[in-house]
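Colleague: I am new to reading models like this one. Please take me through it, one feature at a time.

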Amino acid sequence: MTTSTLQNLDNFSGTIIIPVFETYEKSIIPITFDGLEIPAKVFFGKKDTHYLAEQNNSIYLFVGLGKTIDYKSLKTVFRSISAKQKEKLSTNVALVLAENLNENQVEAMLSGLFLGTYDLGHFKLDKKTHPFLEPDFNLKLFSEKDFLAAAKKGIKIAKAQLETYNLVDLPPNIVNPKYLAKWAQDKGKKYGFEVEVLNFEAAKIAKLGAFLAVGKGSENEPQFVIMTYTPKENITNLKHIGLVGKGITFDTGGLNIKTAGMLHMKCDMAGGAAVFGAMQLIADLQLPVKVTAIVPCAENSVDAKSFLPSDVIHSYSGHSIEIIDTDAEGRLILADGLSYLITNYKPEYIVDIATLTGSSVGTFGYECGALFTNNEEISKKLQLSGDAIGERLWPLPLWDAYKSDIESDIADVKNYSGKPVAGAISAAKFLEYFTQEHKAWAHLDIAGVAFGDDEFAKSKHATAYGVHLLTKFIENL
Ligand code: BES
Ligand code: MG
Ligand code: ZN
């Protein structure tokens with residue numbers, strides 16, 4: 001990618017993308033560009049419109065942005081260009097950036113352009129590559145202002161999100177716990193973070209009993225993935241953030257087998273995939289922070305070896321757990337993830353992220369994730385970070401009034417209240433039990449936002465919710 005001033009556009013041939021804000025009420029003044037004049041009645045920058053022209057072997061694509069546009073909408077407009085106008089794009093692309101744009105907008109545009117290369121047809125025989133992914137692909141920015149850093153950042157964000165799309169959308173007979181562990185090891189080498197993987201035997205020696213109870217009914221061996229990122233330069237007062245992501249590669253429900261919605265349960269590792277994507281991005285951006293991330297990866301399967309409803313298991317924390325429902329498995333692996341993180345690494349801030357409950361979907365639908373925390377600072381920073389990029393969060397309470405939901409007669413705690421109410425809250429209370437009263441912990445229930453419908457495919461697919469949110473939150477700390 002290179003930058004150049006507008007004067008140099010004369011020597012360019014290929015696809016020229018020109019974002020245009022809607023400036024004129026009832027436009028009478030036509031937009032002119034590079035000798036082209038667009039009839040004002042045909043195009044004046046209205047959102048979701050575009051205008052195509054051809055001149056000197058180049059295609060000019062004018063893209064309407066409306067009067068103002070938020071980060072996520074802008075990203076979607078640009079994702080649409082590269083996903084839906086594929087045949088109009090060449091491997092030579094010029095992006096014309098007016099001076100009134102800001103860096104966040106340029107970041108969103110570039111992220112969108114690269115996300116538009118995503119093709120869900122992973123297993124199709126006739127899968128064609130996108131022109132932007134061809135080896136001779138060449139992108140030039142034409143602007144009077146230096147937007148190169150913002151553009152490069154936008155591409156790094158998209159690259160991490162594309163990885164998360166793949167991890168979530170690929171089927172569970174490919175993306176099993178070992179696949180995720182290998183992904184982490186490969187990306188750790190490539191981007192610069194340390195990876196340690198505890199297999200079944202190592203997890204048994206470590207006494208990760210809640211994690212192992214969930215994974216033991218599967219042919220696919222569970223893997224407890226630990227990642228550590230430290231910046232290359234020496235920095236004093238380095239902040240240390242801990243992340244934990246739910247990595248259930250498929251959730252059948254276990255012996256409390258699901259009756260509805262099982263089809264979509266390859267998405268049950270989307271919290272883990274968000275943590276994986278965030279680790280890639282944090283390392284790629286060389287953020288000046290220390291991050292320790294844990295993704296317990298397991299498949300919740302049905303088998304003679306599966307754990308049973310009414311089993312009492314022993315978690316890493318030493319606390320016993322009565323299993324009321326084997327479908328409440330996410331909180332079990334997160335409990336061990338949180339305990340292991342806090343006991344061994346003592347991070348200052350902790351965020352866990354998980355497709356944890358149907359109840360959070362019932363509460364918020366598909367518009368935002370549920371946020372649980374008792375810490376004002378991280379609550380604000382998480383919400384603001386999410387608002388800025390269109391990955392919204394909204395709070396739910398952690399009041400002790402809900403504590404009785406997880407009190408067990410036989411064990412220290414139980415994994416489900418058995419009642420069909422306040423499911424997201426009692427799940428959060430269960431996790432809180434394993435946080436050793438940590439003063440800066442937040443839990444994000446993303447069951448409604450990790451996997452969804454949009455204009456880019458016929459079926460539900462990954463959104464990569466959390467990759468940018470976690471990274472931006474960490475940047476804002
Ligand atoms: N993985 C599910 C939650 C989920 C639901 C994720 C919808 C994505 C979309 C979780 O493990 C689960 O099964 N939760 C149960 C808990 C219940 C048995 C206490 C639920 O929410 O019904
Ligand atoms: Mg479940
Ligand atoms: Zn689950």
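Modeller: Take Ala464, which sits in the loop between β22 (461-462) and α12 (467-476). This is a predicted model, where local features need pLDDT of at least 70, side-chain atom pairs count only at pLDDT 80 or more, and totals for chains, interfaces and linings use all residues. Residues are numbered from 1 along each chain as its sequence is written, chains are lettered from A and ligands numbered from 1 in the order in which they are written, and side-chain values use heavy atoms, with hydrogens and water left out.

Colleague: Is Ala464 buried or exposed?

Modeller: The cut-offs come first. Buried means under 20% relative accessible area, exposed means over 50%, and partly exposed is in between (1.4 Å probe, protein chains only). Ala464 has a relative accessible area of 2%, so it is buried.

Colleague: What should I look for in the phi of Ala464?

Modeller: Most residues other than glycine have a negative phi. Ala464 is not a glycine, yet its phi is positive, about 65°. Asp48 also has a positive phi, near 65°, and is a residue other than glycine. Asp48 lies in the loop between β4 (36-38) and β5 (50-55). Its relative accessible area is 63%, so Asp48 is exposed.

Colleague: Now the metals. Which residues coordinate the zinc ion (ligand 3)?

Modeller: A donor is an N, O or S atom within 2.8 Å of the metal (3.2 Å for Na, K and Ca); water is not among the atoms, so sites may look incomplete. The zinc ion (ligand 3) is held by Lys246 (NZ), Asp251 (OD), Asp268 (OD) and Glu329 (OE), at 2.0 to 2.4 Å. Along the chain, its donors follow the spacing K-x4-D-x16-D-x60-E.

Colleague: What is the arrangement of the donor atoms around the zinc ion (ligand 3)?

Modeller: Use the angles. Four donors count as tetrahedral if all angles lie between 85 and 135 degrees; four count as square planar and six as octahedral if opposite donors are over 155 degrees apart and all others between 65 and 115; anything else is irregular. Ideal angles are 90 or 180 degrees for six octahedral donors. Here the six donor atoms around the zinc ion (ligand 3) subtend 78 to 175°, which makes the arrangement octahedral.

Colleague: And which residues coordinate the magnesium ion (ligand 2)?

Modeller: Asp251 (OD), Asp327 (O), Asp327 (OD) and Glu329 (OE) do, at 2.0 to 2.2 Å. The spacing of these donor residues in sequence is D-x75-D-x1-E. The six donor atoms give angles of 72 to 169°, and the site is irregular. The magnesium ion (ligand 2) lies 3.2 Å from the zinc ion (ligand 3), and Asp251 coordinates both. Asp251 is in strand β12 (residues 247-251) and Asp327 in the loop between β15 (320-322) and α8 (330-345), so the pair ties together parts that are 76 residues apart in sequence.

Colleague: How accessible are Asp251 and Asp327?

Modeller: Asp251 has 3% relative accessibility, so it counts as buried. Asp327 has 24%, so it counts as partly exposed. Lys246 is buried, like Asp251.

Colleague: How many residues surround ligand 1?

Modeller: A residue is near a molecule if one of its heavy atoms lies within 4 Å of it. Ligand 1 has 16 such residues, and the closest are Lys258, Asp268, Asp327, Glu329 and Gly358.

Colleague: What classes make up the shell around ligand 1?

Modeller: Ala, Val, Leu, Ile, Met, Phe, Trp, Tyr, Cys and Pro count as nonpolar, Asp, Glu, Lys and Arg as charged, and the others, Gly among them, as polar. The shell has eight charged, five nonpolar and three polar residues.

Colleague: What does the side chain of Thr355 contact?

Modeller: It makes a polar contact with the side chain of Asp268, at 2.5 Å. Thr355 lies in the loop between β16 (349-354) and α9 (358-364). With a relative accessible area of 5%, Thr355 is buried.

Conventions:
Helices (H or I, at least four residues) and strands (E, at least two) are DSSP runs, numbered from the N terminus. A polar contact is a pair of N or O atoms within 3.5 Å; within protein, one must be able to donate a hydrogen and the other to accept it, and residues adjacent in sequence count only if both atoms are side-chain atoms.
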